[in-house]
Structure formats: C-alpha cells, structure tokens
Amino acid sequence: MSIWWSLHLRREAASVPLARRLLIGTMETAGVDPEISYDLSVALTEACANAVEHGGHGSHGGSSGAYRVTAYLDGEKCRIEVADAGPGFPRVPEIRPARVDAEHGRGLCLIRELADHVHIGAKPGRGGTVVSFDKILKWKKDPSLLTA
C-alpha cells in the first residue's frame, strides 16, 4: 500500500496537533502498529513545533508564515518531511543530547531517537530548513483498512 499527503500549514501552535492527528489517523487506517504510529507522531510533533517556533522571518516573501508537512507511507517505510521558510542553519547542526533540566533543545534529539534515519538540511535554492525522517513500519495483525 502506498499513501502520501501534504499539508501547507500556518506557523501557529494550533497547526501542530492537526498534523499529528492526520498522521495517526492515516497510520491507523493503514494498519500500522500503534507503537510505531506513536513514535512517528511524537517525532512529527517535535519537527512541527520547531517549524512554528523557528521557521519564520525568511528572506523569501510571504511564505515565512507557513510551513509544509509531507508524509509518505510506501511499502514498509514511512517518510516524513517538514519544511519551513526560516533562516535555516549555517551548517548542518550537530544533534547532541539535551541536558536533563533543559526546557528547550530536545526536539531534534527526540526525532533522532524515535526515527530510523534523520536528515536536516536547507531547502534547495531557497531559505529554510527541511527536517526529514523515516521509520520502518510494523503492522497490526488485523488492519482496520481490511476489516472496515
């Protein structure tokens, strides 16, 4: 089975749970194991929260008020991309574990722990950052898509 969707969202906190619920619903319908769905939804939440907090003030016009989330469920893998129009990183950031008492700076570390592969880079030819990550899927024994 192959499913993909893409959302263009405003950089507002209310957009984060919307993206998360859509991802969980898609994976539940496809029959993905709930633990895998949960891991990916937490990683997506962190990536979206980063786009909302840091993804603006780009030098490329009005798109700095929005970000894009794209999810691909294809065969045995789910790949998620979150792209914003912020200033980006001058170089690919080194992801280090956050201090235990830190209130910020845990997002990229959490994404790395929950996903199988993580890539952070600039959008080709434009400002902004793309955080992409993927995870091998496990399936429920009785997917709701087949029993509905």
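Okay, Leu-73: it's buried, with a relative accessible area of 4%. Buried here means under 20% relative accessible area, exposed means over 50%, and partly exposed is in between, using a 1.4 Å probe and protein chains only. Leu-73 sits in strand β2, residues 66-74.

Quick housekeeping. This is a predicted model, where local features need pLDDT of at least 70 and side-chain atom pairs count only at pLDDT 80 or more, while totals for chains, interfaces and linings use all residues. Residues are numbered from 1 along each chain as its sequence is written, and side-chain values use heavy atoms, with hydrogens and water left out.

Back to Leu-73. What does Leu-73 touch, not counting residues up to four places away in sequence? The list is Met-1, Ser-2, Ile-3, Thr-26, Met-27, Ala-30, Val-32, Cys-78 and Leu-137, where contact means heavy atoms within 4.5 Å. Take Ile-3: it is 70 residues from Leu-73 along the chain, yet their C-alpha atoms are separated by 5.1 Å.

Now zoom out. We've got four helices and five strands, and the pattern along the sequence reads β-α-α-β-β-α-β-β-α. Of the 148 residues in the chain, 43% are buried. If you take contacts with a separation of 6 or more, 66% come from residues 24 or more positions apart. The chain exposes about 8,700 Å², with carbon and sulfur atoms supplying 54% of that; those areas are Shrake-Rupley with a 1.4 Å probe, and for residues only the protein chains shown count as cover.

On to helix packing. The axes of α1, residues 15-30, and α2 come within 9 Å and cross at roughly 155°. That makes α1 roughly antiparallel to α2. The axes are lines fitted to C-alpha atoms, for helices over the stretch in contact, and angles run from 0 to 180 degrees between N-to-C directions. For the labels, under 35 degrees is roughly parallel, over 145 roughly antiparallel, 65 to 115 roughly perpendicular, and the rest oblique.

α2 and α3 also have axes that come within 9 Å and cross at roughly 155°, so α2 and α3 are roughly antiparallel to each other. Where the two pairs part ways is handedness: α1 and α2 cross right-handed, whereas α2 passes α3 in a left-handed crossing. Left-handed is when the near helix is turned anticlockwise from the far one by less than a right angle, right-handed if clockwise.

Who's in the α2–α3 contact? From α2, Asp-39, Val-42, Ala-43, Glu-46, Ala-47 and Asn-50 meet Gly-107, Leu-108, Leu-110, Ile-111 and Leu-114 of α3. In α3, residues 107-114, the buried set is Gly-107, Leu-108, Cys-109, Ile-111 and Leu-114. Those buried residues pack against α2 (34-54), β4 (117-122) and β5 (129-136).

Cysteines, briefly. Cys-48 is buried at 0% relative accessibility, and Cys-109 is buried too, at 18%.

Last stop, Gly-88, in the loop between β3 (77-84) and α3. Gly-88 counts as partly exposed, at 24% relative accessibility. Leaving out residues up to four places away in sequence, Gly-88 touches Gly-128 and Thr-129.
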